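This briefing goes with a sequence and a structure. Look at both before reading the notes.

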Amino acid sequence: MDHDRNNDIFEDEDKEALQGLSPVPLPPRNIHSYSQQLRVTSSGPAKRHHKGRKHSLDDVPMPVVSESFFDVSYSEDEFFPRSSSPYNTTRSRGGSGEDFFVGADDDQLKQFQPLPEFIGNGSGNGIFKYPTRSAMHGGRPPCLELRPHPLRETQVGKFLRNIACTDTQLWAGQECGVRFWSFENAYEAGWGLGGRVRRGDEDAAPFYESANTSPTLCLIADSANRLVWSGHKDGKIRSWKMDQHSNDANSHFKEGLSWQAHKGPVLSIVVSSYGDLWSGSENGVIRIWQWDAIEKSLSLSSEEKHMAALLVERACIDLRSQVTINGACSISSSDVKCLLADNVRAKIWCAQPLSFSIWDARTKELVKVFNTEGQIENRADLPSLQQQDQSVEDEMKVKFVHPSKKEKSGGFLQRSRNAIMGAADAVRRVATRGAGAFVDDTKRTEALVLTIDGMIWTGCSNGLLVQWDGNGNRLQEFNHHSSAVQCFCTFGTLIYVGYVSGMIQTLDLEGKMISAWVAHSNPVLKMAVGNGYVFSLANHGGIRGWSIASPGPIDSIIRSEVASRELEYTRRNSFRILVGTWNVGQGRASQDALKAWLGSAASDVGIIVVGLQEVEMGAGFLAMSAAKETVGLEGSAIGQWWLDNIGKALDEGKAFERMGSRQLAGLLISLWVRKNLRKHVGDVDAAAVPCGFGRAIGNKGGVGLRIRVLDRIMCFVNCHLAAHLEAVNRRNADFDHIFRNMAFGRSSNVPAAGMVRFLFLCCVLAFSTFLFWMLYVSGFPLVLSIAAGVSTASHTVKGTHAASTNHEESRLDLAEADMVVFLGDFNYRLFGISYDEARDFVSQRSFDWLREKDQLRAEMQAGKVFQGMREAVIAFPPTYKFARHQPGLAGYDSGEKKRIPAWCDRIIYRDNRSTPVSDCSLDCPVVASIIQYEACMDVIESDHKPVRCKFHVQVAHVDRSVRRQEFGEVVRSNEKVRSIFEQLPHVPETTISTNNIRLQSQDTVVLRITNKDVNEKAIFRITCEGVCTVSDDGEENTYHSRGLFGFPRWLEVTPAAGIIKQDHFVEVAVHHEDFRSLEELVDGIPQNWWSEDTRDKEATLSVNIQGSNGTETQSHQIVVRHCYSAKTVRIDSKSNNSWKGQGGSVHRSGLRQSSGSSDVVDDFRNF
């Protein structure tokens, strides 16, 4: 039906019936469209926009309408233009932009009349409650958005994957190198590279980027030498100077020392208590890069870069080879998950998915190997896991790559049986040899952290938190969240835990949860502490800083102050969305039909969403579709045909670009975005929920797409609900099932989850195909039920996210969206009316009476379905059921069944409005109105008529760069905030027993640290500021620092960190230990003692004191001198770690530590 016919359908009766309906607010007369982005060519004066923030949407001129409905001029620059000033601090005031649309007369568009709408009941309760929005999120502490959430599509090849903090900078490792932010510029407006803003970083604070490298997998900061170390996918370790020359924003800084550390990727790096760099890689490989060699290499010039790398590589210690005897290795061959430096006891923890190993940082000896349950493992008698894996792989090749001729010659039934039995046998063998791979997978270790009290905490993939002592004894476990743990971070006595769900929790040292909030919409990958903030990196690349004073009184102060400046950073824009739905009845459409349906209405829209039903049906197709879904595959040749032809009708490639699609059996949804608006649309995710045949098969169900537009979430769901007049309750249940279970995620191919899972999915695929083949040839109901069960199980594997979030109704994906549009063949019919009566009312265009007989309207009024959603009042004939290729209303079904005409094909939506009339603001950021809702009655290729609906959408969004500046002003200038921060740096008063220690060989001196404060605990950390060899000729000594202020090998300090209670003290053992490898000893006697350096050695220790949650540090300096003794010392190679105190009284806690039976920290925690 064309537009002119639609304007004449209302009669007097209709107008009276519409009087009781809620009005829809008119949009403002300044209308803004993002339909085109063109360069200004007019010689006249251009309208001035916001000076400080120049968006690509602001300067959009009025285009000339072409005959093909589209103007194809656009810009595809990777960078957005921005002022050349390195710091852009001018902020715009107010928030409204100038709006207009492309392809129609401007005066006509300004005077459009929104259609009246019908609103369903049942909103405001449970999962159908409108999402809460505000200028500042009320459910979490206010945060510093150092790098706001970038669109995923802008981050390809540039995703951030880890972060680390120095005293003045935040460093981030990305897929193409590293970058850093200076804290002094953290509140400034972004300026990108050379005055041009990279896509995705338009709102980020100023940063500096390195030259391109292999993807960065891990980072660690070495404050002692002003270096940042990074491990990369190409197996290299690279160093970067913290003090980069950052005056020139156009230049990329370059790496310093680098070397080939591993053949595979460097998965984790850590600096030990003695300054050595430890790295872990695939297959359990752990290597040590000694500081002495690194120090020499760092002193070489850039021209000697190759020699420097060789010097470090030759000093490598491969720990795995040292603990491998006759092919049997004492540690697991699985990949190293993470390394942890236990600086309290000078140990290194290596975490692998299902096991741990503890190493002595000084002697490099293996101390202990145990599993995630704390049970000691002796792996020396285990066969090589690599050989097992190879045999399994060979067996799989035999099973699947080389089928016998006999199998090939069999029929389909025999081949299906053979495939099922072969796959099942291979799965059984792999599971048997995998030693519980399925059972223990939920307890895989994901993260590791050392707390200030000397305890080790690990996080598992099932959300379990486990506390260990320093000797690897499992103490207790906690489970505060069901989602997988991703990362840890500590500050003072607080433990921060980041989860896959995006949640951050804070715990005390006893494991009690103090607070929790949803920090990101994506998994929290890493956290780091710096500049008074705990920074969190999300999977999408956004970085937020959480004040160390949060949660607390500071949150409400900052939130109210920043919210009061809402007008400074609020922006309002508008665009139009065209939504179309059509049940194509397994047919195909001509280009003329597609243009009449979509192309003719697309001239002034920025986004087009198309939903099709019954693209392809039949038992065979449904069977194969269900089988493909089990292994993460979707789509079909016919579905692709539809996408290609719709694209042609929309002039794809010139005016529009397809950004996403999803197919589930006969259901297909696709999304097109106009070229210029594409830069503001992204994070496209897809989802599918089957509702047919035991909630497993896609003949009925829903497919959806979720997008982010101007930082607002919009979801579009194409549904095909249960058929038949009497199945109202089933249709309601289908909608509820789709709403609750639609969990969006990135579409993927076959998941690379290991050989076992791949074989399992192959088995399911073969089994499903076999069962559906039997269904196809025999129609046996039992087979159908079994197949539905199999597909349901496999669908559950794919949709684990939905299962994990169903218990949190407020977190349902559709419930959290700002705008949700349901489209499709809902199959609701007309009730209480005969076929002839319905035909008569249609011919008389008495749609007001027919609407009273609409099942969907009645169910919405009762609050049973589409709760709180809106639909424009229907003013077009019923769209079902027609005879194919018969034009006009005479085409209604006149066959034997004479199906009553019905409005089966509908488009229903919800925005942020909780009341019938709401202005667009940050509290109600998305306000939509319908300006066109009609059926295309002239399209005759199916028994359904296509329906289209055009929305006018107003969006209020935040200029996040300006809001960051406002946040900074509040933090720096608000008196209440400053008062709270001034209380944080408090450092308890402490004293030390001596500031000068002299040691001879094997001597031990006890250092007492006393906390005189009666109100607050004190945290101490002991580091070595520098080491030197005392000159005999009286020259000035030259001190040099080891990596991360590490100790020299001749000095042991235990414990090197801990907590001192109020008005208590702790005793620290400072011990001299001769360090020699076993090769240098014969019968315990050093063989080169006559050529040793007999000069005295000196180290400067720093005892750093902080409050339990303070930011300021006070230090005590202690000079430790080793005085060489000419007497030959006999060394027991079996007790290199033992202390032989001579002439000194050692505190009993220190003596107990030397025996290895307990921990010093366990003693002084009880003082």
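The model is predicted. The protein has 1167 residues, and 57% of them count as buried. Its secondary structure comprises 27 helices and 56 strands.

**Overall make-up**

- Among contacts with a separation of 6 or more, 69% are between residues 24 or more positions apart.

**Helix α11 against helix α24**

- Helix α11 spans residues 553–563 and helix α24 spans residues 960–973; their axes come within 10 Å and cross at roughly 130°.
- Angles over 145 degrees count as roughly antiparallel and those from 65 to 115 as roughly perpendicular, and α11 and α24 are therefore oblique to each other.
- The crossing of α11 with α24 is right-handed.
- On the α11 side the contact involves I558, E561 and V562, and on the α24 side R963, F967, V970 and V971.
- By class, this contact of α11 with α24 holds five nonpolar and two charged residues, with no polar ones.

**Helix α11 against helix α25**

- Helix α25 covers residues 975–983, and its axis lies 10 Å from that of α11, at an angle of about 155°.
- Because an angle over 145 degrees counts as roughly antiparallel, α11 and α25 are placed in that class.
- α11 and α25 cross in a left-handed sense.
- P553, I554, I557 and I558 of α11 touch K976, V977, I980 and F981 of α25.
- Seven nonpolar residues and one charged residue make up the contact of α11 with α25, and no polar residue takes part.

**Aromatic pairs**

- The count of aromatic pairs comes to 34.
- One of these pairs is W349 with F356, which is edge-to-face, with 6.1 Å from centre to centre and 65° between the planes.
- W349 and F356 are both buried.
- F128, F735, F739, F822, F826 and F866 are linked into a cluster by ring pairs.

**Cis peptide bonds**

- Y880 and K881 are joined by a cis peptide bond, with omega about 0°.
- K881 sits in the loop that runs between β42 (870–872) and β43 (905–910).
- T1054 and P1055 are also joined by a cis peptide bond, with omega about -10°.
- P1055 is in the loop between β50 (1051–1054) and β51 (1057–1060).

- A665 is not a glycine, yet its phi is positive, at about 55°.
- The loop between β36 (656–664) and β37 (667–674) contains A665.
- A665 has a relative accessibility of 2% and therefore counts as buried, the cut-off being under 20%.
- D683 is not a glycine either, and its phi is positive at about 50°.
- D683 belongs to strand β38, which covers residues 681–691.
- With a relative accessible area of 8%, D683 is buried.

**A buried loop serine**

- S210 lies in the loop between β8 (208–209) and β9 (216–222).
- The relative accessible area of S210 is 2%, so this residue is buried.
- Leaving aside residues up to four places away in sequence, S210 touches G177, V178, W240, H252 and F253.

Technical notes. Residues numbered from 1 in each chain as written. Predicted model: local features only at pLDDT ≥ 70, side-chain atom pairs only at ≥ 80, totals over all residues. Heavy atoms only, no water. Axes fitted to C-alpha atoms, helices over the stretch in contact; angles between N-to-C directions. Helix = DSSP H or I, 4+ residues; strand = E, 2+ residues; numbered from the N terminus. Parallel < 35°, antiparallel > 145°, perpendicular 65-115°, else oblique. Left-handed = near helix turned anticlockwise from the far one by under 90°. Contact = heavy atoms within 4.5 Å. Nonpolar A, V, L, I, M, F, W, Y, C, P; charged D, E, K, R; others polar. Phe/Tyr/Trp six-rings, centres within 6.5 Å; stacked < 30°, edge-to-face > 60°. Buried < 20%, exposed > 50% of the residue type's maximum accessible area, 1.4 Å probe, protein only.
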